[in-house]
Every structure is written in C-alpha cells, then in structure tokens.
Amino acid sequence: MTHKTTLLTSTLLALGLAAPALAQDVPASAEDDVLKIGLVYTLSGPPAALGVQARDGFMLYADQVGELGGMETEIIVVDDEGRPDLAADRARELVQRDNVDFVVGPIFSNILMAIHQPVTSTGTVLISTNAGTSTLAGEGCTPNFFTTSYQNDQNHEVMGAYAESQGYTNVFLMAPNYQAGQDSLAGFKHSYTGGTAGEVFTELGQLDFSSELAQIAAFQPDAVFTFMPGGMGVNLVKQYAQAGLTTIPFLSAFTVDETTLPATQDAALGLLGGANWAPDLENEANEKFVTAYIEKYDSVPGTYAMQAYDAAQLIDSAVRKVNGDLTDRDALLAAIKEADFDSPRGDFSFGKNNFPVQDFYLVEAVKRDDGYYGTSIREKIFDDYVDNYADQCGM
C-alpha cells in the first residue's frame, strides 16, 4: 500500500464515524511524482450517510490497488458540511494550495454548482460521483468535467416510465427545492404523460412531512412520486407508513436505498425506485465490489459507493494510460474519456457531454438472504440510455 490519506476535517471523529483505512504514509518529496486527489463530500449532518458511502467506495478501490495510476497517491478528504459557500472555499484550497490533480465529489447538486467553476476554470479535472445537474450536461458542459453517476433526471425518468406503464393518471409529486429536486420532477414528467394531484417543493433538509402527508391523504392520488435523499427519505418513509398511506403506491429515487434502508428497514420493504444499478446485479465486477465492500464496512453499498468506486477506477485507468504524465492535459482527458475499466453496473461509456451512457432499472427494497436490507433489480427500463441534454453540449 503506497497511498497517503489526509482528513481536512474533525467532523468524522466528532460523529464517531469510521475514517477511511489509511495505508502507509508516503512522503510527497517530489510533487510531480505524486498523484493528488481531493475528495469533497457531505460527511456531517443528516445526509452524512451518503457522503460516507461515497468516500468509502472510493477508498475501497484505492486500498485495493495501493497506487492509483501506478503513482504514489495522496488523497485529501474534506467535509463540505452541506454548505455551498464552504465547499467553494475548500475546493479553491484543494486546487490552489494543495495542487490536486483531481477533485472528486460531491453528493448534492447545489454543492456541485458551487465548486464547478473554482475547479474547472483552473484546468483541474472534476469528477462528480453523484450530482449531475442538467445545466452541466447541456450548454454548460466542459472538457474537464466528468460524472460517473448519471444526469439528475434519469433515475426519475425510470419512475415516470413505470407510472406510465401502470396507467396512473393522477400522481402526487414531491421533492426538495434545489436543482436536483427540480431536475427530479422534470425527469419524472419527461416519461409520464398523466395528470398530477399536486406538485410540492419542500425545504432542503426538511424532516417533518405532516403537512404534505395530509395533502396526499386528502387528494388520494393513484401514486406518490418523491425524491428525498438521506435523512429526509428516512423520515418520509417512516411517516408515510405511520400515516396509514401504504395503500397508495410509493415511487421514488434516492429515497429508498442502501443509505436509508438500515434505518427504515421493514417500513420500506416492497417500495420501488429507479436506479442505474443494484447490489444484486449479476456480473463479475459487481460481485467482487459488493463482496469487498461488505467485508470491509459491514454494510451493503449503495449507488453512492459504487459510483465513487468507479471514479477511483477511472482515475487509475486514465493515469496508467498516460504513464503518469499529468502535464499533457489533452492526453489525460482523452484517456479519461475512454473509460477503460469494468464497472459494477456493467455497460459504461461517456457520451459527448462526459455523462455516462448506461442502463437503468426498476428496483425494489428487500431483505437480503444475508440479513441486510438492500435494493434488488426488478426489471430493466432503459438500455444504453443517453441523457436528454447531451445534444445541447457543444463539445
């Protein structure tokens, strides 16, 4: 093992969360010979589980190979604390003070929009492992911004297509009021042509949904579609069941997944979601990833972990292709674009806007044979799906 990990936050210890396993420290005596990567994730507050999964997924691969790209590697982990202003400052520090070669993250789209310009304007490569705003997939695309996740609309489009196939004509829509929430409802409506019983944007971080649940009870829609990641999703699922609304189909994305199921457990069983992957997807790379993650962290990985694991694989493959020469930026960007690695999700390539072309699935919350709660593939909805904004990208 020859990578060094630096934590630029005390939040992990304050929360009692496990820090990434540290390999043997290697002194960065010659900066040109050291690959430097900054991870920017939300590691504190109610959404911390999402950032922890992403950090752990990235660190899992880094620990497996020791040297990313065959180079001595320094990984600097920062907590954006869910604050766009703080995230922007820390991204500038990573680029200007720490001279990182890559910035990886974040979880939330408002954080991505805050760090995008400070990172990409310097020529540094930014790889988002979760947030994928429509603005950056279309006219705002840039050569040194990539995402290993999706365009925000896409998982929600899965649920719109499912609602359409079920003949629903009156769906209640609910999401937090920020870019990803707006993208989520736009994505759902892109695949769904029926009517809506209501369309509600809540505060980001809201944990009490009594008012919205009262509206759902009054409207009695054919189904509810929602996007509520992290602690928001945990509370919503529990409160939905407590309100006696389980007869109304609950459709979601990033609401019932491996980050929320440990808390919701049986209250979420059978609930459906849209995803680009699930832990039981059958391929060799996925079996290796899921087995290693469970062994290391004693939990089932979610998409946040998988997509960050892929970002680490992507960096590893690209840096090896250029033989560690990070000074030739055009060659490095071309090597990244090749995406020469085996993703746990199976088929993976980059479209013209540097967003993935991949498959999407309807997934269901289940209790696994090993006793963990997780999601399971129910059916494939989209095959090699290109996002709706790629044609607006001028690259």
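1. Leaving aside its neighbours within four places in sequence, which residues is Asp 257 in contact with? They are Pro 262, Tyr 304 and Thr 375, where contact means heavy atoms within 4.5 Å. This is a predicted model, in which local features need pLDDT of at least 70 and side-chain atom pairs count only at pLDDT 80 or more, while totals for chains, interfaces and linings use all residues. Residues are numbered from 1 along each chain as its sequence is written, and side-chain values use heavy atoms, with hydrogens and water left out.

2. Asp 257 sits in the loop between β10 (250-252) and α10 (261-264), with helices (H or I, at least four residues) and strands (E, at least two) taken as DSSP runs numbered from the N terminus. The side chain of Asp 257 makes a polar contact with the side chain of Thr 259 at 2.6 Å (a pair of N or O atoms within 3.5 Å; within protein, one must be able to donate a hydrogen and the other to accept it, and residues adjacent in sequence count only if both atoms are side-chain atoms).

3. Ala 223 belongs to strand β9 (residues 223-226) and, because its relative accessibility is 0%, counts as buried (under 20% relative accessible area, with a 1.4 Å probe and protein chains only). Ala 223 and Tyr 168 are 55 residues apart in sequence, yet 7.2 Å apart in space, C-alpha to C-alpha.

4. Cys 141 and Cys 393 form a disulfide with sulfur atoms 2.1 Å apart (the cut-off for a pair of cysteine sulfur atoms is within 2.5 Å). Cys 141 lies in the loop between α5 (134-137) and β6 (145-147) and Cys 393 in the segment after β14 (373-385), so the pair ties together parts that are 252 residues apart in sequence.

Notes:
Buried < 20%, exposed > 50% of the residue type's maximum accessible area, 1.4 Å probe, protein only.
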